[in-house]
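Visitor: I've got a model open and I'd like to learn how to read the spaces inside it. Could you walk me through it?

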Amino acid sequence: MALAFDEYGRPFIILKEQEQKTRLRGIEAQKANISAGKAVARILRTSLGPKGMDKMLQSPDGDVTITNDGATILEQMDVDNQIAKLMVELSRSQDYEIGDGTTGVVVMAGALLEQAERLLERGIHPIRIAEGYEMASRIAVEHLDHIAQKFDFGPTNIEPLVQTCMTTLVNRCKRPLAEISVKAVLSVADLERKDVNLDLIKVEGKVGGKLEDTELVYGITVDKDMSHPQMPKKIEDAKIAILTCPFEPPKPKTKHKVDIDTVEKFQTLRQQEQKYFDDMVQKCKDVGATLVICQWGFDDEANHLLMHRNLPAVRWVGGVELELIAIATGLWKDCAKVPRVDPRKAGKGNKMMIEETKRSIHDALCVARNLIRNNSIVYGGGSAEISCSIAVEAAADKYPGVEQYAIRAFADALDSVSIALAENSGLQPIETLSAVKSQQIKENNPHFGIDCNDVGTNDMREQNVFETLIGKQQQILLATQVVKMILKIDDVISPSDY
């Protein structure tokens, strides 16, 4: 700290904060970064798989979230460390690109960092480790292409899609929710272009009832009541008029004042407003509208007039919902005809259950979308990782340099995913992995994995447990890229605690 004066003689204090900054260099910086990444992966490790544990998170305002979805856990965690934030971004990237596998990608990255730490302690340069990881990831991705299988599906044969979506759902209603998810995706999918716009699918949850009450609505669900309780709740062959303007007289933009000093003037003003409302209602009636959906509100007088003129109305409907209604009905210039408008009673559980179910359905929707884009699959239960581990281990001998140590470490990291699955399922991890791995090598069958659900067979093909090929490849590629980025950081300057 030092005292100085400006040109006018006013004193000010100079704080030498540079001395207060902490700096880590070389191997110490890399170990600190690896430790931060491993800490985040350790949190999610116990949430991996169908028997994974849930996490309870409380926000600053007291809201409680219970979930085992990796992206949600990391999104709501208060993370300060910059390397830990990279792991959060890793999970977010997987969620954005694929929509599923957000926990697995972080666990994979944590396992790669753990193996890299051991290699650093043996004196191997981080750049050589990163290069070895890159080679190993290419081998693994190519091997996934080799063991992947294609299956056919269509609007009349949705069973393969349903079976795949069931692997992402962990609640008691797996089958019904998977069927709903698949039907929803197929209803908005362009199978010729192999494209799906998930923005056209809306997931709504209401408190009350049970999960079994969940249903698929081929239409638009708007969580609003009619503006007047005496308006009809059900309308057949409705003709909808969408209003994006306020259903009321225009208001001047400038400040104004109206002096009313006689009854006659008040009556004149009232008649003028009523005429304006009458004209608006008549315009809607003239185009044949039998239902008005308004983005803005309207006062009681307009509401009474709409009810009196037999024109049902819904007010305060959001802009996104209006756009969906317009897309679904083809409404752009004129009124749109729809077969029926009717009320629905909905409800499933408490708020936390609803939010978790919505996250599960989102994962199922993303899996169905990915399969429409690319209908290649690999089998789950850690079978794909174990098969890749065997292939990467075998390929390591072909590389004469130091990179072969990193390639073997990559194979060990792939095994860590299967070990985590076995641990979370209450099985003996090392014993289970060794048995499955030897079975794969002995029978040359990449379909053997961890029997998490205790079905009695390790063959994931018999259990119908599989994942999308592009999702698994994306996991390996994203985890490798983030770990390479962390290994290349050798100098960390942290600010002071002022």
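This is a predicted model: local features need pLDDT of at least 70, side-chain atom pairs count only at pLDDT 80 or more; totals for chains, interfaces and linings use all residues.

Visitor: Which residues line the second largest cavity?

Guide: The lining is made up of G104, M108, E385, L414, V417, K472, Q475 and I476. Two or more residues come from each of helix 4 (102-121), helix 13 (403-424) and helix 16. As for volume, the second largest cavity comes to about 40 Å³.

Visitor: How do the lining residues of the second largest cavity split by class?

Guide: There are four nonpolar, two polar and two charged residues.

Visitor: How many cavities of 30 Å³ or more does the structure hold?

Guide: Three. The largest cavity has a volume of about 110 Å³. Its lining has 15 residues, and D100, V367, E467, T468 and G471 are the closest to the centre.

Visitor: Which elements each supply at least two residues of the lining of the largest cavity?

Guide: Look at helix 11 (351-373), strand 14 (466-468) and helix 16 (469-487). By class, this lining has three nonpolar, nine polar and three charged residues.

Visitor: Now the domains. How is the chain divided?

Guide: Into domain 1 (21-150 + 378-495), domain 2 (158-219 + 337-374) and domain 3 (240-253 + 261-329). Domain 1 and domain 2 each give at least three residues to the lining of the largest cavity. For domain 1 and domain 3, the C-alpha centres lie 57 Å apart.

Visitor: And how should I think about a nonpolar core?

Guide: The general idea is that in soluble globular proteins, nonpolar side chains tend to be buried together. In this model, the largest nonpolar core has 68 residues. Inside that core, M87, V106, I129, Y133, V392 and F410 have the most contacts. Helix 13 gives the most to this core, with 12 residues.

Visitor: Leaving aside neighbours within four places in sequence, what is M87 in contact with?

Guide: With those set aside, the list is G37, V40, A41, L74, V106, A109, G110, L113, V482 and I486.

Visitor: Why does R42 count as exposed?

Guide: Exposed means over 50%. R42 counts as exposed because its relative accessibility is 52%. R42 sits in helix 1 (residues 26-45).

Visitor: How do I read sequence separation against distance in space?

Guide: Take the two numbers side by side. R42 and V107 are 65 residues apart in sequence, and their C-alpha atoms are 7.4 Å apart in space. For Q94 and E321, the separation is 227 residues in sequence and 28 Å in space, again C-alpha to C-alpha.

Conventions:
Residues are numbered from 1 along each chain as its sequence is written. Side-chain values use heavy atoms; hydrogens and water are left out. On a 1 Å grid over the protein atoms alone, a cavity is a set of points where a 1.4 Å probe fits but cannot get out, and a pocket is an open set with protein on both sides within 12 Å along at least five of seven lines; lining residues have an atom within 4 Å of a point. Grid points are joined across faces, edges and corners, and a volume is the space filled by probe spheres set on the points. Helices (H or I, at least four residues) and strands (E, at least two) are DSSP runs, numbered from the N terminus. Ala, Val, Leu, Ile, Met, Phe, Trp, Tyr, Cys and Pro count as nonpolar, Asp, Glu, Lys and Arg as charged, and the others, Gly among them, as polar. Domain bounds come from an automatic or database domain assignment. A nonpolar core is a set of buried Ala, Val, Leu, Ile, Met, Phe, Trp, Tyr and Cys residues joined through side-chain atoms within 4.5 Å. Buried means under 20% relative accessible area, exposed over 50%, partly exposed in between (1.4 Å probe, protein chains only). Contact means heavy atoms within 4.5 Å.
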